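My notes follow the picture.

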Amino acid sequence: MELLSVIRRWHCRDHLPIREIERRTGLSRNTIRKYLRAQSIEPRFQVPERPSRLDPFADRLRGWLVLEAARSRKNRRTARRLHEDLVALGYDGSYGRVAAFIRQWKHEQRQARQTTGRGVFVPLCFQPGEAFQFDWGEDWAVIAGHRVKLQVAHTKLSFSRAFILRAYPLQTHEMLFDALTEAFRVLGGVPRRGIFDNMKTAVDRIGSGKARQVNLRFMALASHYLFEATFCNPAAGWEKGQIEKTVQDARRQIWQDLPAFPDLGALNAWLEARCLDCWERLQHAELPHSVSEVHASERPYLMIPGRPFDGFVEQTKRVSPTCLIQFEGNRYS
C-alpha cells in the first residue's frame, strides 16, 4: 500500500512518466498502468481458491470440534492431538493447516454467540402509573461519630423516573416493608406493578422461567398495597436497568456530599430532602421536562395507599432452661 501511494504521488503530483516509475520501482508498465487506471488507493489481489488436503476431512474435524466444545476444558483434545487423529485416518497435510481451521471455526462460533445467540432486545417503555422498580445498594455514612456500612433501599417510578432513597442497617423483611411503605408515601401512591430482583426477603425459591415461590410475608405486602410483583431473571439486571443506574448515580450525586448525622432518622430525612431536590434539577431522560414535572403528571395514575402495612415477621423460637431465646446471634430473656 505504501508503494502504491508513492506511485500515485509520482504520477499525479510530480508528473513522472511511466518509464521513470518503472525504472525506480522495478514493476512492469502494465502493473503501473493498471493501478493508475483503476484509481485505487490500496492494492487488491485476488487469491485463487486452491483445494486443500484437509477438505476431505473437514466435516469430520468440524464434528470433533462440536463434541470437544461440550466437554470440560481439562478433558478436551488439543489441536495437536486432533491433528494426530486425522493422520491416523489418512490425512497427510501439515499441523498448521489443521490449527488454522480450528482458529477459524472458533472465530465463527464466537461471532454466532455475539449476534444470533444473544437474541433481540426491545427497549422497555412504561405508561404512567404502570410500574416501579426496587433494588438495594450499599454505602457508608458517619452515624453518631462512627463510620458504618448501610443498606440503602432505592425505589423508582418507571415512567416519571422519580426516586427515593432510605438507609437501613440490614436487608431484613422489616426493613424492606418499611422502605416500600415510606417510598409510596413520598412518591404519592402505588403503581400497578413492582419489578424486583430475586432477593431472599421476597423469593423463597426460583423455578424455571418466571416461576417463583414468593415469600408469604412479601405476598401479604403486595396484597395489602394491591400491586403485582414481578421478578427479573437471574443475572439479568437490564430488566430493571433504571434502578440499577439510580444506584450508581446516587453515589455520585448524593453520597459524595454526605455530612455526619446523630442518628439514622436524621440521615433518612436528609436523603428524602435531597431526592426531592434532585427531582427539580434533573431533566427527564425522554421527555422535555424535569423529573418533578413529569412526576406531577403521573400522580393521578397512582393508587393512594391506605393504612401502612404492619411489617412484623413472626418466628417460633425455643426457650432455653434459663428462660432465654436466641435471635440473630443475641440472647433475650
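**Ground rules**

I am working on a predicted model, where local features need pLDDT of at least 70 and side-chain atom pairs count only at pLDDT 80 or more, while totals for chains, interfaces and linings use all residues. Residues are numbered from 1 along each chain as its sequence is written, and side-chain values use heavy atoms, with hydrogens and water left out.

**Domains**

I looked up the domain assignment first. It gives domain 1 (1–37), domain 2 (55–114) and domain 3 (131–301). The bounds come from an automatic or database domain assignment. I noted 69 Å between the C-alpha centres of domain 1 and domain 3.

I then checked UniProt. An unreviewed entry there lists residues 124–254 as "domain: Integrase catalytic". UniProt positions are given in the numbering used here, feature names are shortened, and annotations may be inferred rather than shown by experiment. Over residues 124–254 I read 29% helix and 35% strand. The end C-alpha atoms of that stretch are 26 Å apart. Helices (H or I, at least four residues) and strands (E, at least two) are DSSP runs, numbered from the N terminus.

**The sheet**

In what order do the strands of the open sheet lie? I read β3-β2-β1-β4-β7, 5 strands with mixed pairing. Neighbouring strands are turned by 30° against each other on average, direction ignored. Two strands pair if DSSP finds at least two bridges between them.

I followed β4 (residues 193–196) to its partners. It runs parallel to β7, joined by 4 bridges. Here G194 stands opposite A229, and R193 stands opposite E228. With β1, β4 pairs in the parallel sense over 3 bridges. In that pairing Q133 stands opposite I195.

Which way do the β4 side chains point? R193 and I195 point one way, G194 and F196 the other. All are buried, meaning under 20% relative accessible area; exposed is over 50% and partly exposed lies in between (1.4 Å probe, protein chains only). In a regular strand the side chains alternate between the two faces of the sheet.

**Salt bridges**

I counted next: the structure holds 20 salt bridges. A salt bridge is a side-chain nitrogen of Lys or Arg within 4 Å of a carboxyl oxygen of Asp or Glu.

I began at R77. It meets E68 in a salt bridge at 2.9 Å, N to O. R77 also forms one with D85, the closest N and O atoms being 2.7 Å apart. Are these residues buried or partly exposed? E68 is buried at 4% relative accessible area. D85 counts as buried at 19%. R77 counts as partly exposed at 24%.

I then took D178 and R166, whose side chains meet in a salt bridge (3.4 Å, N to O). D178 lies in helix α7 (residues 173–187) and R166 in strand β3, so this pair ties together parts 12 residues apart in sequence. D178 is partly exposed, with a relative accessible area of 29%. I also logged a network: salt bridges that share partners join E68, R71, R77, R81 and D85.

**Two single residues**

L187 is in helix α7. It counts as buried, at 0% relative accessibility. What does L187 touch, residues up to four places away in sequence not counted? I listed T155, L157, A162, F163, I164, W279, H295, R299 and L302. Contact means heavy atoms within 4.5 Å. The C-alpha atoms of L187 and A162 are separated by 7.3 Å, though these residues are 25 apart along the chain.

S290 is in the loop between α10 (264–281) and α11 (291–298). Is S290 buried or exposed? S290 counts as buried, because its relative accessibility is 12%. Leaving out residues up to four places away in sequence, S290 touches W279, E280, L282, Q283 and H284.

How values were computed
Axes fitted to C-alpha atoms, helices over the stretch in contact; angles between N-to-C directions.
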